Amino acid sequence: MKQEHITSRQNPLLVHIRKLASSRSYRKTCGEFVAEGTKLLEEAAKWWPDLRTVVCREDVPLRNLPDTVRVVTVPEDVLKSISTVDTPQGAMFVCGLPEKTKAELIPGTLLLDGIQDPGNLGTMLRTADALGVPVALLDGCADPYSYKTVRASMGAVFRMVVPQITEEEALAQCREKKLMLTVTALNEQAVDIRSADLSSAVAVIGSEGQGVRKSILDAAEQSVIIPMQPHCESLNAAIAAAIVMWQMKNGEYGG
């Protein structure tokens, strides 16, 4: 590992890390993203092929880092100046963004539409990783490589591919592959998700405020509802996604 020590808060590397944390467009331009925490660093070292730089306190143990990683130690006050949390977790690190991959929808895919809350998105990715559910993002979703999403995913983003797809591409693939575009929506055609046929489904979860966009609602072949008590109107998007994913996988688990 290449080790060095920095004491100036205005060092170009630290300025760069602050910008990576605050700007999606800057991350895209630079082809890098930043995350924080020793546990997430361990996950990145184990799973992510392009871990580039670690900034940490001198007392933080670093395990299993590739030899190519640049390691920079800093005093506590300097780490605080770049930290994304009130109490720094010992280390921040920079990774290269993955190359863009074309989303290939298959039965059992979760298609996310306009999920803007990075905490919800990260939780969905964490659940999808646990259940082995492929995910694709339509436009309008939060950045899967923002530090908030990475943190909420508990490192799932390091272990899975998170491709983006346009609405036109998604609808075309569903037609060509005979995938049943399925939405969670309250309408006259909606059926209880427990009795729905999800064997060839691509399930869409919509944004927290607006739900699934109208054009996809109109194109959907199936609408499902998650049964709940009458006095409850809706579920958190991440919770709804977890229920949908579990139901899509239910047959595999013998349910």
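User: How many bridges join β8 to strand β11, and do the two run parallel or antiparallel?

Analyst: Strands of a sheet pair through backbone hydrogen bonds, and the pairing can be either parallel or antiparallel. In this structure, which is a predicted model, β8 and strand β11 (residues 222–225) run parallel and are joined by three bridges.

User: How many bridges pair strand β6 with strand β10, and which residue of β10 does Thr109 stand opposite?

Analyst: Strand β6 (residues 109–112) pairs with strand β10 (residues 201–205) over four bridges, again in the parallel sense, and Thr109 has Val202 of β10 opposite to it.

User: Which residues have the most contacts inside the largest nonpolar core, and which element gives the most to it?

Analyst: The largest nonpolar core has 52 residues, and Phe93, Leu112, Phe158 and Ile205 are those with the most contacts inside it. Helix α9 gives the most to this core, with seven residues. Another core, of 18 residues, lies apart from the largest one, and among its members are Ile165, Ala170, Leu171 and Val212.

User: Which residues of helix α3 are buried, and what covers them?

Analyst: A residue counts as buried when its relative accessible area is under 20%. In helix α3 (residues 38–47) the buried residues are Leu40, Leu41, Glu43, Ala44 and Ala45. Their cover includes the strands β2 (32–36), β3 (51–56) and β5 (91–96), together with helix α6 (147–152).

User: How many disulfides does the structure hold?

Analyst: A disulfide is a covalent bond between the sulfur atoms of two cysteines. This structure holds zero disulfides. Cys30 is in no disulfide, and the nearest cysteine sulfur to it, that of Cys95, is 14 Å away; with a relative accessibility of 29%, Cys30 counts as partly exposed. Cys141 is likewise in no disulfide, with the nearest cysteine sulfur, that of Cys174, 15 Å away, but at 6% relative accessibility Cys141 counts as buried.

User: What does the secondary structure of the protein chain come to, and what share of its residues count as buried?

Analyst: The protein chain comes to nine helices and 11 strands, and 49% of its 255 residues count as buried. Its C-alpha trace spans about 65 × 40 × 35 Å along the principal axes. Of the contacts with a separation of 6 or more, 75% are accounted for by residues 24 or more positions apart. The chain exposes about 12900 Å², of which carbon and sulfur atoms supply 50%.

How values were computed:
Residues are numbered from 1 along each chain as its sequence is written. This is a predicted model: local features need pLDDT of at least 70, side-chain atom pairs count only at pLDDT 80 or more; totals for chains, interfaces and linings use all residues. Side-chain values use heavy atoms; hydrogens and water are left out. Two strands pair if DSSP finds at least two bridges between them. Buried means under 20% relative accessible area, exposed over 50%, partly exposed in between (1.4 Å probe, protein chains only). Contact means heavy atoms within 4.5 Å. A disulfide is a pair of cysteine sulfur atoms within 2.5 Å. A nonpolar core is a set of buried Ala, Val, Leu, Ile, Met, Phe, Trp, Tyr and Cys residues joined through side-chain atoms within 4.5 Å. Accessible areas come from the Shrake-Rupley method with a 1.4 Å probe; for residues, only the protein chains shown count as cover.
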